[in-house]
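This report describes a sheet and a set of charged side-chain contacts. The sequence and structure are shown first.

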Amino acid sequence: MITASHNPPADNGVKLVDPMGEMLEESWEAYATILANASSDQKLLEAYAKIIAECHIKLEEKAKVIFARDTRPSGAHLTSILAEALEATETEYNDYSLLTTPQLHYITRCLNTKGTPYEYGEPSEQGYYAKIAASFKAALQGRQFSGSVTVDCANGIGGPKLRELTKNLPSPFDGGLGITIVNDDVINPDRLNFQCGADFVKTNQRAPPSTHAAPLTRCASLDGDADRIVYYFNDLDGNFRLLDGDRIATLAASFIGDLAQSAGLGEKLKVGVVQTAYANGASTAYVTQDLRLPVVCTATGVKHLHHAATKFDIGVYFEANGHGTVVFSDLALKRLSKCEPQSPAQSSALETLRALIGLINQTVGDALSDLLLVEVILAHKSWGPKEWDLTYTDLPNRLVRVEVADRSIFKAVDAERKLESPPGVQAQIDAAVGKFKSGRSFARASGTEDAVRVYAEAATRSEAEDLAQKIATIVRHAGG
């Protein structure tokens, strides 16, 4: 997938998809790095030959590659270069042109499961829309929506693709969901992610200037390649309220956990939530204490969350930035398929759960799929954004970036919640945290620059700010 997601329009990059439509298996990242950094054509050929030998790749087996791009101006040129390379290596390929990243993930799994017991769907863009739309209608079970939703598409690929999806959904006149699409200008490339999109909303804690929604109106923002989504609204006093990935995860876990119980499968299906250290402590407490569901914490990065989620029968994972999904194990799929309901209530819960399997894009976080999932849940609960926001109160938090001379000396353990080096730094952090009510803080090295990111939360906003600055000072001294 040729995209740079939430980055500025001039940037571009590559996301690699494995045969099951999931993110590339981690061990292959090292090979991708070696190939990308080859200093000459000869070095590239040598690296290529070494990988072939190490991985015992059979060159007589034909390879097939599919690819797509987002709306960035450089995308067409980059895909043409890719096509030339594939032709040079006599590789079969298919250019799907303009797609969201999750659509390419979906098509990849469909192609590789076609004709097997695990067939995932029709491997086409239209097949994607048809599957999601049919599952959305089935999951609703006739529930009505409370108002419409305004969706900011970051002036990216999500805009035209959401419009295509809505053509497959019932119109508001037929009892369907009203979707108001804003920031869908893909003609002017400079507008991509400019003062809009999920990253803008999450970072700035405010709605895009172009979103003129009335108080208590549900709003959502996608990112540039539509694999992330956050919700938000303004309350009656005009205060901005963010409903981020933590909120989406708790909403989904609550709904799916209740459905499993209502279907008579509460003891047979283990539902769990996967978070990173950046998840707000209040959301973790809500899941463990109120929902009584297990929570697993992993290192930052969707690949870690997805892997941990597959350990549950039904695993729910979202990063706070809005990237996430729900995965169903083979065992869960079999039990949901074979379960015989003993009452109308069990039958209804079972039908909804089965519909969610088709509605959710289980390969990767998908803003369009997640949008409809949230709307289904809110319709079932008869909730607006205010009721959703009241499920728990976020602890005030602060994220601080600290520049250091060498980030490599900061080595984290325990899902990046503790520092094992430099020696003694973690003890200083623990001592500082212990002086604050509901205090929690950690420091982790950036993956791309000589900087350390400090996260802190506490009972009040001023205490969270104070704690963050104290930990930043500790890091700054340790970093030289």
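In this predicted model, an open sheet is formed by 3 strands in the order β12-β16-β15, with antiparallel pairing. The edges are β12 (397-403) and β15 (440-445), each of which pairs on one side only. On average, neighbouring strands of this sheet are turned by 15° against each other, direction ignored. Strand β16 (residues 451-457) and β15 pair in the antiparallel sense over 6 bridges; V454 in β16 is the bridge partner of A443.

Across the whole structure, 26 salt bridges are found. The table lists some of them.

| Salt bridge | N to O distance |
|---|---|
| D225 and K15 | 2.8 Å |
| D389 and R247 | 3.7 Å |
| R398 and E465 | 2.5 Å |

R398 and E465 meet in a salt bridge. Because R398 lies in strand β12 and E465 in helix α16 (residues 461-479), this pair ties together parts that are 67 residues apart in sequence. R398 counts as partly exposed, at 33% relative accessibility, and E465 is partly exposed with a relative accessible area of 30%.

The salt bridge between D225 and K15 links distant parts of the chain, 210 residues apart: D225 is in the loop between β5 (218-222) and β6 (229-234), and K15 is in the segment before α1 (27-36). D225 counts as buried because its relative accessibility is 0%, under the 20% cut-off, whereas K15, at 25%, counts as partly exposed.

D389 in helix α14 (residues 385-389) and R247 in helix α8 (residues 245-262) are 142 residues apart, and both are buried. R247 and D389 also belong to a network of salt bridges that links them with R241 and D394.

Terms used:
Residues are numbered from 1 along each chain as its sequence is written. This is a predicted model: local features need pLDDT of at least 70, side-chain atom pairs count only at pLDDT 80 or more; totals for chains, interfaces and linings use all residues. Side-chain values use heavy atoms; hydrogens and water are left out. Two strands pair if DSSP finds at least two bridges between them. Helices (H or I, at least four residues) and strands (E, at least two) are DSSP runs, numbered from the N terminus. Axes are lines fitted to C-alpha atoms, for helices over the stretch in contact, and angles run from 0 to 180 degrees between N-to-C directions. A salt bridge is a side-chain nitrogen of Lys or Arg within 4 Å of a carboxyl oxygen of Asp or Glu. Buried means under 20% relative accessible area, exposed over 50%, partly exposed in between (1.4 Å probe, protein chains only).
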